[in-house]
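User: I have a model open and want to learn how to read it. Can you take me through some features?

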Amino acid sequence: MNSYLVTGGAGFIGSNFVHHLLSCTDATVTVLDKLTYAGNKASLDGLPADRFRLVQGDICDAELVDELVRDHDVVVHYAAESHNDNSLSDPSPFVQTNVVGTFTLLEAVRRHDVRYHHISTDEVYGDLELDDPHRFTESTPYNPSSPYSSTKAGSDLLVRAWVRSFKVAATISNCSNNYGPYQHVEKFIPRQITNVLDGGRPKLYGAGLNVRDWIHAEDHSRAVLRIIEAGRIGETYLIGADGEHNNKDVVEMILELLGRPRDDYDHVNDRAGHDLRYAIDSTKLRAELGWRPEFADFAAGLKATVEWYRENEAWWRPQKNDTEAKYRAAGQ
């Protein structure tokens with residue numbers, strides 16, 4: 001499996017995977033990305049020109065998708081509309097990209113008998129109570145709560161059906177919340193980091209008690225590659241690093257890392273439909289495939305992420321003003 005087609009490879013998690021793949025293997029990579037606001041060519045700077053190319057295009061373009069899939073050994077499908085708040089404002093792009101786009105890719109890999117890996121999210125399982133002792137497993141029933149998570153759930157079910165009905169060689173991974181380099185400043189952790197770097201104050205949604213199970217994007221990339229190499233066809237693997245922290249704790253850690261008082265933040269309106277808690281049980285991935293997170297210490301991973309944003313202002317600065325204007329308009 002030496003040639004990879006990575007959809008959404010100019011986005012946050014996809015670009016981290018492309019960097020990982022090119023640095024850890026001798027594979028060649030084609031990125032197919034629509035380059036919406038969430039895709040950034042600069043996230044792919046410095047990649048070897050003899051092993052990498054970027055194609056700007058839509059995963060719903062069946063002719064383009066077929067042409068690209070035909071010439072590759074593996075398709076890794078990261079492309080998605082993924083911002084919950086945006087899905088509440090206008091669900092239509094989420095249905096088109098997440099459902100129709102996945103269907104388009106599945107039909108192409110079926111025609112050309114190409115290995116397929118599908119990137120999904122823990123949000124398809126809904127949320128957990130803060131005091132619930134359980135975590136999501138591969139057998140947890142789907143219970144999505146937003147247009148975003150419901151369209152991702154729908155795309156997962158399409159993959160399962162294409163495996164069973166058409167024998168497509170596919171695997172699925174559902175991952176917890178990622179953090180790390182190249183994440184758009186609309187997202188929680190980079191927004192708070194860049195607010196402080198700008199001399200402002202972080203913004204804490206509601207009481208800040210919502211819990212996310214954080215994983216560094218590099219660990220996610222390592223897990224995906226391991227599943228592609230050794231995962232059982234038709235199986236789903238949950239990816240998590242035991243990184244549960246509530247938003248208040250994360251904001252206070254960021255402030256401390258940047259030399260500010262831990263209470264130097266503003267409470268703002270909570271997000272609509274804000275899920276309480278996500279938590280991943282990655283036992284199956286660890287037991288079957290031997291994967292372990294390298295960034296098991298969230299504090300150390302967060303420190304490295306803060307330094308990346310400190311050192312890469314040229315990457316995030318063009319996004320910042322428009323992003324903050326949208327949040328101000330929403331009282332956030």
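Analyst: We will go feature by feature, starting with the record and ending with single residues. Keep in mind that this is a predicted model.

User: What feature does UniProt place at residues 5–295?

Analyst: The unreviewed UniProt entry puts "domain: NAD(P)-binding" there. Over residues 5–295 the chain is 38% helix and 18% strand. The end C-alpha atoms of that stretch are 27 Å apart.

User: How do I read a nonpolar core?

Analyst: Start with the general idea. In soluble globular proteins, nonpolar side chains tend to be buried together. Here the largest nonpolar core has 31 residues. Tyr4, Val6, Phe17, Val18, Val29, Val76 and Ile239 touch the most other members. Several elements each supply at least two residues of this core, including strand 1 (3–7), helix 1 (12–24), strand 2 (28–33) and strand 11 (236–239). The largest share, five residues, comes from helix 7.

User: What does valine 29 contact, beyond its neighbours in sequence?

Analyst: Leave aside residues within four places. Valine 29 is then in contact with Tyr4, Val6, Val18, Leu21, Leu22, Arg51, Phe52 and Arg53. There is also a second, separate core of 28 residues. Among its members are Val251, Ile254, Val306 and Tyr327.

User: Which residues of helix 2 are buried?

Analyst: First, the geometry of a helix. An α-helix has 3.6 residues a turn, so residues three or four places apart point the same way. In helix 2 (residues 62–70), the buried residues include Leu64, Val65, Asp66, Leu68 and Val69. Their cover includes strand 1, strand 2, strand 3 (52–56), strand 4 and helix 4 (92–112).

User: How do I read the packing of two helices?

Analyst: Look at the angle, then the axis distance, then the residues that meet. Helix 6 (residues 188–197) and helix 11 (residues 313–329) pack at about 105 degrees, with their axes 11 Å apart. Angles of 65 to 115 degrees count as roughly perpendicular, so helix 6 is roughly perpendicular to helix 11.

User: Which residues of helix 6 and helix 11 meet?

Analyst: Helix 6 brings Arg191, Thr194, Asn195 and Leu197. Helix 11 brings Trp316, Lys320, Glu324 and Tyr327. By class, this contact has three nonpolar, two polar and three charged residues.

User: Is glutamine 319 buried or exposed?

Analyst: Compare its relative accessible area with the cut-off. Glutamine 319 lies in helix 11. Its relative accessible area is 11%. Buried means under 20%, so glutamine 319 is buried. Beyond four places in sequence, glutamine 319 touches Asn40, His184 and Val185.

User: Where does aspartate 281 lie, and what does it touch?

Analyst: Aspartate 281 sits in the loop between strand 13 (266–268) and helix 9. At 19% relative accessibility, aspartate 281 counts as buried. Not counting residues up to four places away, aspartate 281 touches Arg135, Phe136, Thr137, Glu138 and Leu238. Aspartate 281 and glutamate 138 are 143 residues apart along the chain, yet their C-alpha atoms are separated by 8.4 Å.

User: Let me try arginine 160. What is its relative accessible area?

Analyst: It is 34%, so arginine 160 is partly exposed. Arginine 160 is found in helix 5 (residues 147–166). Setting aside residues up to four places away, arginine 160 touches Tyr142, Ile172 and Thr236. Arginine 160 and isoleucine 172 are twelve residues apart in sequence and 8.5 Å apart in space, C-alpha to C-alpha.

How values were computed: Residues are numbered from 1 along each chain as its sequence is written. This is a predicted model: local features need pLDDT of at least 70, side-chain atom pairs count only at pLDDT 80 or more; totals for chains, interfaces and linings use all residues. Side-chain values use heavy atoms; hydrogens and water are left out. Helices (H or I, at least four residues) and strands (E, at least two) are DSSP runs, numbered from the N terminus. Buried means under 20% relative accessible area, exposed over 50%, partly exposed in between (1.4 Å probe, protein chains only). Contact means heavy atoms within 4.5 Å. A nonpolar core is a set of buried Ala, Val, Leu, Ile, Met, Phe, Trp, Tyr and Cys residues joined through side-chain atoms within 4.5 Å. UniProt positions are given in the numbering used here, feature names are shortened, and annotations may be inferred rather than shown by experiment. Axes are lines fitted to C-alpha atoms, for helices over the stretch in contact, and angles run from 0 to 180 degrees between N-to-C directions. Angles under 35 degrees count as roughly parallel, over 145 as roughly antiparallel, 65 to 115 as roughly perpendicular and the rest as oblique. Ala, Val, Leu, Ile, Met, Phe, Trp, Tyr, Cys and Pro count as nonpolar, Asp, Glu, Lys and Arg as charged, and the others, Gly among them, as polar.
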